[in-house]
Every structure is written in structure tokens, then in C-alpha cells.
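Good morning, and thank you for making time for this item.

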Amino acid sequence: MHKDSSKPVGQDITPSILSKRGAACEDLFFKHGRLRDLEAAISFYRQASLILTRDHPDRAQSLVDLANAQHHRFIMLSSISDIKDAIAYHQEALRLRPVGHEARSESLSDLAITTSTLFEASGDKQDLESV
């Protein structure tokens, strides 16, 4: 069968496909250390998180993936906005994983590590208290 050519390009792109593309780009980043691969990963992860509704079961993991990629970019570029965005994404993922959720401890750990990274960069104790 032929694909329906009347569909707009990209209409069949699902959050799952975007996340897999993000993971592939992030793997390339870890292998080669190229910023462009990390930038592509962030873009794919961001697109996936924007498509997923708040109540979608994959939304929290999508936010964690995006947060972790932003954390890695902070490590490379030292842009405070990257680490603050990463914290915000981890906080949102944590809200989607209430007490009793099987991945809540992972979200708490990720948030703690990312907050610690911000504190190490800024030296401002208020960064620890604001989370």
C-alpha cells in the first residue's frame, strides 16, 4: 500500500518516535561529544513533551528525558537557564508521579541531583531552598 500523499508531512510523527529520535541523538552526543547532537536531542524531546497531554502516561518520562538533556547541555555550556529549565521539568515530572508511583524515587533523585548542580554553580543557598 502507498501512503496517503494528501497527509501533511510529519503528521504521523508520534511522541514515541520523537523520543526515540531524541535518544538516538543523545547517544550520538555521548559517543562523539558534539553539541549539535545534544541540541537535536533537546529539540526532539521538547517536541514530544509538547504533544503529550498532561494525563498521558508517558509525559513524566518525556519530561525527565528533556530535563536530563538540558542538564547535560548546562554541563557543557554553563548556561544557568539550562539547569533552571531542567529543574522545572523534573519538578513537573515529580508532580505527575505521586507518592506510591513506581518511578517517584527516580524523580526525587533526579531533582536533587539537578538542584545540587545549580547550587554548585551558583553557590546560592536560596537555590536549594526554592525547590
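I shall begin with the basis of the model, then turn to the overall fold and a few residues.

What you see is a predicted model, in which local features need pLDDT of at least 70 and side-chain atom pairs count only at pLDDT 80 or more, while totals for chains, interfaces and linings use all residues. Numbering starts from 1 along each chain as its sequence is written, and side-chain values use heavy atoms, with hydrogens and water left out.

Let me turn to the fold. The chain contains six helices and zero strands, where helices (H or I, at least four residues) and strands (E, at least two) are DSSP runs numbered from the N terminus. Along the sequence the pattern therefore reads α-α-α-α-α-α. Of the 131 residues in the chain, 37% are buried; buried means under 20% relative accessible area, exposed over 50%, and partly exposed in between, with a 1.4 Å probe and protein chains only. Among contacts (heavy atoms within 4.5 Å) with a separation of 6 or more, 51% link residues 24 or more positions apart. The chain exposes about 8,000 Å², and carbon and sulfur atoms supply 54% of that area, computed by the Shrake-Rupley method with a 1.4 Å probe.

Next, the aromatic residues. The structure holds one aromatic pair. The rings of Phe29 and Phe30 have centres 5.4 Å apart and planes at 55 degrees, so this pair is tilted. By the criterion used, rings of Phe, Tyr and Trp (its six-membered ring) pair if their centres lie within 6.5 Å; planes under 30 degrees apart count as stacked, over 60 as edge-to-face, and the rest as tilted. Are the two partners buried or exposed? Phe29 is buried at 9% relative accessibility, whereas Phe30, at 49%, is partly exposed.

A further phenylalanine, Phe74, belongs to helix H3, residues 59-77. Phe74 is buried, with a relative accessible area of 7%. Which residues does Phe74 contact, leaving aside neighbours within four places in sequence? They are Ser79, Ile80, Asp82, Ile83, Thr117 and Ala121. The C-alpha atom of Phe74 is also separated by 9.4 Å from that of Leu118, which lies 44 residues away along the chain.

Finally, Thr115 sits in helix H5, residues 104-122. Thr115 is buried as well, at 6% relative accessibility. Its side chain reaches the backbone oxygen of Leu111 at 2.7 Å.

Key. Polar contact = N/O pair within 3.5 Å; in protein donor to acceptor, adjacent residues only side chain to side chain.
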